[in-house]
Amino acid sequence: MTKVAVVGAAYTKFDEHWDKSLRDLSTEAGAKAILDAGLEGKDIKALFIGNMSAGRFIGQEHLAALTADHVGLTPIPATRVEAACASGALAFLHAYLAIRSGQYDIVVAAGAEKMTDIKGTDAIATLMGAGDQEWESAIGLTFTGLYALIAKAHMHKFGTTREQMAMVSVNNHMNGSLNPNAQFPKEITVDDVLNSPMIAEPLSVLDCSPITDGAAAVVLAKEEVARSTRNPIWVLGSSQASDTLALHNRKSLTEMSATKAAAKNAYEQAGLKPSDINIAEVHDCFSINEILAVEDLGFCEKGQGGNFVEQGSIKRDGSKPVNTAGGLKSIGHPVGATGIRQVVDIVKQLRGEYGQLQVNGAATGLALNLGGSGATAVVNIFGKEQRETFKTF
Ligand SMILES: CC(C)(COP(=O)(O)OP(=O)(O)OC[C@H]1O[C@@H](n2cnc3c(N)ncnc32)[C@H](O)[C@@H]1OP(=O)(O)O)[C@@H](O)C(=O)NCCC(=O)NCCS
């Protein structure tokens with residue numbers, strides 16, 4: 001099977017975009033990614049686009065064909081992929097498999113969401129479509145509420161503190177303050193987080209990722225094509241796993257078993273261990289989730305995520321830099337776009353072209369994108385150098 005690399009990568013500014021439609025944002029990201037690859041539209045053989053809920057956010061379904069049309073890529077096959085907030089990374093996984101299978105040589109994986117055209121309360125209700133309708137959404141639970149339950153359980157079981165969760169947001173905003181594409185590019189303090197309005201105890205506004213518009217795109221290519229491009233970043237592992245949709249059916253509230261399963265397979269495919277990963281993009285939709293992620297990805301022991309953060313391990317100059325461009329917290333979280341945005345940030349780091357945000361010497365990177373309260377997990381692993389260890393499972 002052919003090896004696969006990311007050869008072009010870009011995202012729009014993540015923001016509240018009153019003056020741009022979803023198709024404008026997708027086109028901007030797609031065109032920038034194709035230009036970045038040094039390719040042209042006619043070179044692209046297929047498109048996969050991650051999107052959670054354009055039907056409810058902007059009243060537009062049939063998004064894949066719409067995007068192919070607007071970007072000028074018709075008549076290539078165009079497929080929309082939906083897995084709530086993990087839609088982007090899952091679109092990436094399917095683009096990767098489409099090349100890996102030998103069907104196509106060059107494919108675009110994109111992600112896009114426009115969330116701010118409806119009222120905030122309607123956006124939150126739309127997001128909750130990714131929860132269990134009968135057991136969660138119908139009784140008024142929100143994702144902030146669900147993650148608050150997870151946070152409470154983690155605090156109770158392991159002694160994790162609100163301050164440690166706040167340090168996640170502080171770190172991500174510090175990185176995001178240097179990212180011109182971030183929605184909230186400003187530094188914050190632990191006190192700012194603790195004193196911001198409470199949404200669902202113990203999570204306050206500044207523990208939460210915001211409501212955002214944005215799009216991201218990457219170009220993937222098979223080995224022969226990738227080698228002729230300027231700086232290919234190789235896909236070393238790509239895996240997906242699932243868990244119960246409803247939180248009350250989980251064996252444990254303090255771990256994401258889908259993350260562990262997807263990570264295990266991705267590490268095996270890559271022939272790497274958690275300690276071999278230089279940088280990570282993880283799904284900090286709420287600050288507690290970054291603490292669970294560093295544990296479930298094996299960067300520290302279960303229960304030690306809060307201490308790992310407090311010791312500074314996740315900082316850009318720490319032992320395991322996490323969310324080096326600002327994460328969902330500071331960059332924003334246009335849900336269908338986030339999984340691709342994470343890939344773009346890993347690619348820029350591994351190329352060594354991330355300016356002020358650069359983590360020197362990064363050669364391997366991992367991206368974790370979650371759907372809902374963790375019912376879908378997608379883990380993609382990347383490297384500057386290629387390896388050949390693909391395993392089926
Ligand atoms: C946290 C949340 C409830 C805040 O929404 P809100 O109360 O309607 O916030 P508003 O839009 O009124 O904004 C209030 C202020 O805080 C800022 N703000 C809002 N959310 C913010 C965030 N997450 N981070 C930083 N600043 C934020 C706004 O810019 C605004 O600032 P201003 O007063 O200076 O203009 C909302 O962003 C949310 O629900 N986030 C979670 C989204 C989610 O569940 N995603 C899926 C995850 S699985």
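Begin by selecting V4, which stands opposite K222 in strand 7. The model is a predicted one, in which local features need pLDDT of at least 70 and side-chain atom pairs count only at pLDDT 80 or more, while totals for chains, interfaces and linings use all residues. Residues are numbered from 1 along each chain as its sequence is written, and side-chain values use heavy atoms, with hydrogens and water left out.

Next, select strand 1 (residues 4-11), which pairs with strand 7 in the antiparallel sense over seven bridges; strands here are DSSP runs of E with at least two residues, and helices are runs of H or I with at least four, and two strands pair if DSSP finds at least two bridges between them. Now colour strand 7 itself (residues 213-222): nine of its 10 residues are buried (under 20% relative accessible area, with a 1.4 Å probe and protein chains only), so strand 7 is largely enclosed by the rest of the structure.

Move on to helix 1 (residues 22-36) and helix 3 (residues 63-71), whose axes, lines fitted to C-alpha atoms over the stretch in contact, come within 9 Å and cross at roughly 60°. To view their contact (heavy atoms within 4.5 Å), select L22, R23, D24, S26 and T27 of helix 1 together with L63, L66, T67, H70 and V71 of helix 3.

Key
Axes are lines fitted to C-alpha atoms, for helices over the stretch in contact, and angles run from 0 to 180 degrees between N-to-C directions. Buried means under 20% relative accessible area, exposed over 50%, partly exposed in between (1.4 Å probe, protein chains only).
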